[in-house]
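Please have a look at the model first.

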Amino acid sequence: YFRFFDSGDMYHIGLANKILEVCKALPDCQFWIPTRMHKIAKFKPVIAKLNRLPNVVVRLSSDSTQGKRSRGKNTSTIVRSANQVLDAHECPATVAGNKPNCKANNCTACWDKNVPGIAYHYH
């Protein structure tokens, strides 16, 4: 399991295309790519190609910190309280009192194309 960008994004179309090549070259690795670039037209074709790969989940990140989700198949958003987690998987690594990583929480939801939305607690 590999996550692109703990902080940052596909700031250049050339980088997005390189990420696509890495994902295609490593079919046995599961990739999770959170991005806000889905709002920029020139990134849409490469994001569509990434989404067609069986080992890649591109999560369309919202600008909201109040739980509002972007439109799309796989999304992510920030919430400030548990009551804002609406129709989304609550990331256990961001819940106060839990271990601060995926492995310790036995969670791979961000890499799962069948999980439509992820809600991360603001920290």
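Which residues point one way from β3, and which the other way? V56, V58 and L60 point one way, V57, R59 and S61 the other, and all are buried, where buried means under 20% relative accessible area with a 1.4 Å probe, protein chains only. Before I go on, this is a predicted model, in which local features need pLDDT of at least 70 and side-chain atom pairs count only at pLDDT 80 or more, while totals for chains, interfaces and linings use all residues. Residues are numbered from 1 along each chain as its sequence is written, and side-chain values use heavy atoms, with hydrogens and water left out.

Because six of the six residues of β3, residues 56-61, are buried, this strand is largely enclosed by the rest of the structure; strands here are DSSP runs of E, at least two residues, and helices runs of H or I, at least four, numbered from the N terminus. On one side, β3 pairs with β2 (residues 31-35) in the parallel sense over five bridges, pairing requiring that DSSP finds at least two bridges between the strands, and V57 is the bridge partner of W32. With β4 (residues 75-79), β3 pairs in the parallel sense over two bridges, and here T75 is the bridge partner of L60.

Note on methods
Buried < 20%, exposed > 50% of the residue type's maximum accessible area, 1.4 Å probe, protein only.
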